[in-house]
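Let's take a walk through this one together, ring by ring and charge by charge. Keep the viewer open as you read.

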Amino acid sequence: MAIIPLERKPLSLAERTYLPAILSGLKTTFKRLLKPAETLEYPEQRPAIPPGYRGVPTLVRDPNGREKCVSCQLCEFVCPPKAIRITPGEIPADAPTAQVEKAPKAFDIDMLRCIYCGLCQEVCPEEAIFLQNQYSMSGYTRAEMVNHKDRLYELGGTLPDQHFKWDKKKAAAEHGNAH
Amino acid sequence: MATEFSFPDPAAKAATAEFETEKMSLSMGPSHPSTHGVLRLQLELDGEIVTKCDPVIGYLHRGDEKIAENMTYNQFVPYTDRLDYIAPLANNMAYAIAVERLAKLEVPARCQAIRLITAEMARLSSHLLGLGAFGIDTGAWTVFMYTFTEREKLYKLFEELTGARFTTSYSRIGGLQRDVPEGWTGRVDAFCDQFLPILEEILALLTRNKIFMDRTVGVGVITKEDAIAYGITGPNARGSGLGLDLRKDKPYSGYEQYEFDVPVGTTGDSYDRYLVRGEEMRQSVRIIKQAIAKFPGGPWFATEARKIFAPPKDKVLTSMEELIQNFMIVTEGPQMPAGEVYFEAENPKGVLGFYVVSKGGGVPWRLKIRSPSFCNLSILPKLCVGSLISDVVAILGSLDFVMGECDR
């Protein structure tokens, strides 16, 4: 049943000589000696990163090269350490993606504040921000550790899109049946 | 006849005065390797005997409780990682259940099982570190290396599940961050199978080792009465012979479905606390294996709680209704009724309690954290007095505390 008292037998005469513990300890050590090493020679060997890893947050483009972020600022709002700063900007009316209306003018993530919690990715309604594989960042100054928009897109690259929501919206508007 | 006459010798007099013992005050920590973080002990020593011990805490104070009042319930989840950072998954679970009790929300069986498995894995991780560090404190380095090898395997599994090795932030109010990946439970099962013989191997290095026993048997004895009086919980209380385990006494997250034993010590010394941790790991493996054997299917978040758990991403991208809901839950927070709730969970270090007071809405009005390490350390002034200074190190190692949680 539930509660089991842990018994402690007194040490035998042999055990009181320290020898059995030392010998069995040595046996364990030598057994381990023959096993392959569990460690990695880090900078040369890199650990495998599983899918869904929460690394450095990045911004991504859709397969047509359009920036996905519409600067709704939800990630800026949710970020617990307030690492994200977004300055929204208008998309000019004559641009090919004018139907999206807004894009970030500036998008800064302060990597000295970021805690890699992944809430920004979780709340993003456009699947524009992703925590990807990169896990090590370095810089000589504080300013270097702030990722600006260009750097974020460079880190993020392009990810597949399931919906092409804004393209559909544009097509619908051209057919004159927008909601 | 000459009378005997001796000159007074001032040097000799000074020498005897020098040998008159005087109490020495010694500041141990906050950056001492065996104070496991930033605990500082203000010791008063008579030779090598401790005559007074004053723990000084607060070096890691971040004001988590106040921070919680200024953010939504889900935003606080990453902060719970940083309480007992050796077992973040267990903290995530305790916090989520506390808030769910406030909302009177039941999460589906699959969510409960995932949380339970991760909490038990966190217990393994925490006890492995506890044993390893205790080994170092008492002069056995190898144990630490072996336990860390096993912890690395656990971290790999955490990383796969949550995306992070250390700061997992896995629970959400009403669910989880995401479902378990394909084949993950099988890998946990495989880990458990290979872990048991290694655990025996690690414990065999210490259990009957006279060097280790000389350092721990009879050192830092906490009596049953003291354990109750000082509010000590977890393995430290069970080491003193108290059969207190909330997983048995007030089951949560489906612990009542699984068979496991609660090990208790007989004398309450450091060695007993070590034995309890060792046996608890065997029991944790037992629980994990049972939970995986009957791992339930179905949804992994509370589907009916539409104002609490954010809708699935697919819907957010395609449907206006869900998009609005997503914005509402993120900006306003998960909607809670007014009221207050206290929930405590059996964490690896002891009883972790969350007292949440809500005035409605998505932000707690007050959130109090009852942290086990804080309460367990309260006995130090009594426990250390009369022991040798080298025993203080063994006592600290056996209490297995985390300052992130104590200072919070």
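Aromatic pairs are a handy way in: there are 21 of them over all chains. Bear in mind throughout that this is a predicted model.

For reference, the edge-to-face label applies to planes over 60 degrees apart. Where do B:Phe134 and B:Phe212 lie? B:Phe134 is in helix α5 (residues 109–137) of chain B and B:Phe212 is in helix α8 (residues 210–216) of chain B, so the contact ties together parts that are 78 residues apart in sequence. Both B:Phe134 and B:Phe212 are buried.

A second pair in chain B is B:Trp300 with B:Phe309. Here the centres sit 6.2 Å apart with the planes at 90 degrees, so this pair is edge-to-face too. B:Phe309 has 12% relative accessibility and therefore counts as buried, given that the cut-off for that word is under 20%. Rings can also gather in groups: B:Phe76, B:Tyr79, B:Tyr95 and B:Phe354 make up one aromatic cluster.

Within chain B, B:Arg408 lies over the face of B:Phe374, 5.5 Å from the ring centre. Another case crosses between the chains: the charged end of A:Arg32 sits over the ring of B:Tyr146, at 3.8 Å from its centre.

That last contact brings us to the interface. How many residues of chain A are in contact with chain B? The count is 45 residues of chain A, and they touch 56 residues of chain B. Between the two chains, about 4400 Å² of area is buried, with carbon and sulfur atoms giving 58% of that. Charged pairs take part as well, with 5 salt bridges between chain A and chain B. One to look up is B:Arg172 with A:Glu122, where the closest N and O atoms are 2.8 Å apart.

Now for salt bridges in general. Side chains of opposite charge can pair when their charged atoms come close. Over all chains, the count is 40 salt bridges. In chain B, B:Arg115 bridges to B:Glu100, with 2.8 Å between the closest N and O atoms. B:Arg115 belongs to helix α5 of chain B and B:Glu100 to helix α4 (residues 88–102) of chain B, so this pair ties together parts that are 15 residues apart in sequence. Are these two buried or exposed? Both B:Arg115 and B:Glu100 are buried.

The side chains of B:Glu120 and B:Arg123 meet in a salt bridge, 3.2 Å from N to O. These two residues are 3 apart in that helix, so about one helical turn separates B:Glu120 from B:Arg123. B:Glu120 and B:Arg123 are both buried.

Compare that with B:Glu280 and B:Arg238, whose salt bridge has an N to O distance of 2.5 Å. This pair links distant parts of the chain, with B:Glu280 in helix α12 (residues 270–293) of chain B and B:Arg238 in helix α10 (residues 235–239) of chain B, 42 residues apart. B:Glu280 and B:Arg238 are buried as well. What network do these residues belong to? Salt bridges link B:Glu120, B:Arg123, B:Arg238, B:Asp245, B:Arg247, B:Glu280 and B:Glu346 in a network.

Terms used:
Residues numbered from 1 in each chain as written. Chains lettered and ligands numbered in written order. Predicted model: local features only at pLDDT ≥ 70, side-chain atom pairs only at ≥ 80, totals over all residues. Heavy atoms only, no water. Phe/Tyr/Trp six-rings, centres within 6.5 Å; stacked < 30°, edge-to-face > 60°. Helix = DSSP H or I, 4+ residues; strand = E, 2+ residues; numbered from the N terminus. Buried < 20%, exposed > 50% of the residue type's maximum accessible area, 1.4 Å probe, protein only. Lys NZ or Arg CZ within 6 Å of the ring centre and 35° of its normal. Contact = heavy atoms within 4.5 Å. Buried area = accessible area lost by both parts, 1.4 Å probe. Salt bridge = Lys/Arg side-chain N within 4 Å of Asp/Glu carboxyl O.
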